[in-house]
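Hi everyone, thanks for making the time. I'd like to walk you through a structure that may be new to you, so please have a look at it while I talk.

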Amino acid sequence: MEAITQKCIDTAKEALAEGKPADKAVFEHSVEEVNNKYIRIGKTAKYLVDLFPDKGSVMTQCFGETIVGLMLKEIRERGKDMKVVCAETRPYFQGARLTASVAYDQGFDVTVITDNMPAFAMQNGLVDVFTSAADAISCDGHIVNKVGTLQIAIVCKHYGIPYYVTGAPDEKHPTIDSVKIEYRDGNQVLEAMGVRTAKEGVKGWYPAFDITPPYLCNGIVTNKGIYSPYDIKRYFQD
């Protein structure tokens with residue numbers, strides 16, 4: 001967010017220095033950036049859907065915004081018969097409120113499960129492939145994503161279900177040791193959509209993200225292709 005804001009400020013300053021309207025320059029810059037984002041993530045979606053079966057169910061975690069919509073669009077355009085399973089993603093319910101809504105609005109058969117159901121869902125054949133976006137991917141192949149991703153990846157490994165993450169490695173994180181996990185207000189886990197579910201005095205704990213090691217990921221899908229988590233540094237060379 002800081003980088004995006006700073007680029008807009010720089011664009012405005014350049015426009016003013018040239019005697020041009022700053023607001024128009026920032027608007028045009030922003031539209032171009034959004035278009036470039038859709039082009040880049042659209043390529044990622046194509047590589048991702050290449051990995052999906054022609055018929056089956058894809059499970060998601062949290063809400064990967066642009067990649068979710070473009071992934072579903074790509075599935076539909078190819079005529080693949082895919083259903084969507086969304087983990088609810090407590091405590092903010094991104095999966096239930098956002099991902100499930102987007103998938104349903106795009107015409108997909110969507111099922112929401114609670115965050116403690118992925119293992120049973122996989123055991124009973126409800127999931128053929130699992131995918132998530134990433135808040136960060138370190139250059140040594142670790143995936144940082146919404147808390148709960150790690151446990152789903154572990155269960156996938158147990159049941160032989162592939163897990164593909166979408167995103168790109170971050171040069172600012174050469175190793176996972178450079179990542180600091182954010183901890184949010186623990187009171188959020190003591191309620192559901194503003195309704196208190198735990199007794200007053202009970203404590204809550206809320207790590208916002210968890211870390212999935214490379215051996216649990218079948219591939220990192222980028223706009224440049226699909227990489228092994230152990231070879232993700234090649235992304236910058238390519």
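This is a predicted model: local features need pLDDT of at least 70, side-chain atom pairs count only at pLDDT 80 or more; totals for chains, interfaces and linings use all residues.

S138 belongs to the loop that links strand 5, residues 136–137, with strand 6, residues 143–146. Is S138 buried or exposed? Its relative accessibility is 1%, so S138 counts as buried. And which residues does S138 touch, once we set aside those up to four places away in sequence? They are H173, T175, I176 and I232.

Seven strands make up an open sheet, and their order is 3-2-1-4-7-11-12, with mixed pairing. At the edges sit strand 3, residues 110–113, and strand 12, each of which pairs on one side only. On average, neighbouring strands in this sheet are turned by 25° against each other, ignoring direction.

Let me take you along a few of these pairings. Strand 1, residues 55–60, runs parallel to strand 2, and six bridges join the two. Here you can find T60 opposite C86 of strand 2. Packed on the sheet is helix 4, residues 94–105, which touches strand 1, strand 2 and strand 3. The direction of helix 4 makes about 165° with that of strand 2.

Moving along, strand 7 pairs with strand 11 in the parallel sense, over three bridges, and T166 stands opposite V221 of strand 11. Strand 11 also has three bridges to strand 12, residues 225–227, and this time the two strands run antiparallel. In that pairing, I220 faces Y227 of strand 12. Strand 11 and strand 12 form a hairpin, with two residues between them.

What about the two faces of strand 11? Both are covered: G219 and V221 are buried on one side, and I220 and T222 are buried on the other. As a reminder, side chains in a regular strand alternate between the two faces of the sheet.

Next, the nonpolar cores. In soluble globular proteins, nonpolar side chains tend to be buried together. How many residues does the largest core have here? It has 23, and M59, M122 and Y163 make the most contacts inside it. Strand 2, helix 5, helix 6 and strand 7 are the elements that give two or more residues to this core, and helix 6 gives the most, with four. If you zoom in on M122, you'll see contacts beyond its neighbours within four places in sequence, including M59, I152, V155 and Y159. There is also a second, separate core of 17 residues, with L48, V68, A100 and A103 among them.

I'll finish with some backbone details. Most residues other than glycine have a negative phi, and most peptide bonds are trans. Where do we find something else? R90 and P91 are joined by a cis peptide bond, with omega about 5°. P91 is in the loop between strand 2 and helix 4, and F93 is placed in that loop between strand 2 and helix 4 too. F93 is not a glycine, yet its phi is positive, near 60°. With 10% relative accessibility, F93 counts as buried. E65, in the loop between strand 1 and helix 3, has a positive phi as well, about 30°. E65 has 40% relative accessibility, so it counts as partly exposed.

Technical notes. Residues are numbered from 1 along each chain as its sequence is written. Side-chain values use heavy atoms; hydrogens and water are left out. Buried means under 20% relative accessible area, exposed over 50%, partly exposed in between (1.4 Å probe, protein chains only). Contact means heavy atoms within 4.5 Å. A nonpolar core is a set of buried Ala, Val, Leu, Ile, Met, Phe, Trp, Tyr and Cys residues joined through side-chain atoms within 4.5 Å. Two strands pair if DSSP finds at least two bridges between them. Axes are lines fitted to C-alpha atoms, for helices over the stretch in contact, and angles run from 0 to 180 degrees between N-to-C directions.
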